[in-house]
Amino acid sequence: MSDDPTDTPSTSGGPRPEPLRFFGTTWVDHDGGYGLRRAGLTVGALAAAVAGAFVLRLAYEGLAIARVGGFANGLVVAMFAVCTAIAFQRTWMGFVRRPADPAREEALRSLKAIGFVGSLVAYGLRCLVEAPGEKLLRGEYETARAQYRKRRATRAGNPASRTKRRRRP
């Protein structure tokens with residue numbers, strides 16, 4: 001970012017930053033309570049992950065009370081472990097780069113819902129570093145601003161106001 005206060009997107013007519021959920025566009029200059037939002041979302045996401053793990057434990061205890069058997073208990077634990085790991089990895093990578101195949105991500109939505117604890121942990125840990133998705137959007141925003149400045153610099157002004165050059169006979 002430049003130090004020129006007149007080079008803001010609102011005054012220059014250039015590209016606008018894409019808002020992030022819970023942060024809006026405060027991620028651009030880290031203003032408007034950005035730090036407090038990050039801290040609050042970190043605590044909230046990790047607390048929700050702990051509460052979700054507690055609910056899963058209650059569900060597991062319900063299976064034990066129902067005496068469904070060791071194989072079924074092991075299968076449920078393995079399923080939640082795998083889904084949580086996949087959800088964590090997909091959520092974490094979604095904050096760094098756009099998915100190559102959006103249709104595949106849509107197909108994995110139910111798997112990520114089952115592994116919701118992994119998604120909450122990824123979100124909470126990412127809030128410790130930055131606003132989730134900030135790195136991705138900052139890269140895109142900086143690229144768009146650089147392209148905008150380059151296009152503006154190469155323009156020669158209003159073509160109608162130019163003097164016409166005479167051709168030599």
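This is a predicted model: local features need pLDDT of at least 70, side-chain atom pairs count only at pLDDT 80 or more; totals for chains, interfaces and linings use all residues.
Q: Why is the F23 and Y34 aromatic pair called tilted?
A: There are four aromatic pairs in the structure. In this one, F23 and Y34 are 5.7 Å centre to centre, with 50° between the planes. Rings of Phe, Tyr and Trp (its six-membered ring) pair if their centres lie within 6.5 Å; planes under 30 degrees apart are stacked, over 60 edge-to-face, and the rest tilted, so 50° makes it tilted.

Q: What makes this pair a tie between parts of the chain?
A: F23 is in the loop between helix 1 (9-12) and helix 2 while Y34 is in helix 2, so the pair ties together parts that are 11 residues apart in sequence.

Q: Why does F23 count as buried?
A: Buried means under 20% relative accessible area, exposed over 50%, and partly exposed in between (1.4 Å probe, protein chains only). F23 has 1% relative accessibility, so it counts as buried. Y34, at 5%, counts as buried too.

Q: Why is the F88 and W92 aromatic pair called stacked?
A: The angle between their planes is 15°, and the centres are 5.9 Å apart, so the pair falls in the stacked class. F88, at 29%, is partly exposed, and W92, at 24%, counts as partly exposed.

Q: Which residues touch the most other members of the largest nonpolar core?
A: They are L20, F23, W27, Y34, L41, Y123 and A131, out of 13 residues in that core. Helix 2 (34-66) gives the largest share, three residues. A nonpolar core is a set of buried Ala, Val, Leu, Ile, Met, Phe, Trp, Tyr and Cys residues joined through side-chain atoms within 4.5 Å.

Q: Why does N73 count as buried?
A: N73 lies in helix 3. Its relative accessibility is 13%, so it counts as buried. Leaving aside neighbours within four places in sequence, N73 is in contact (heavy atoms within 4.5 Å) with Y60, L63, A64 and V68.

Conventions:
Residues are numbered from 1 along each chain as its sequence is written. Side-chain values use heavy atoms; hydrogens and water are left out. Helices (H or I, at least four residues) and strands (E, at least two) are DSSP runs, numbered from the N terminus.
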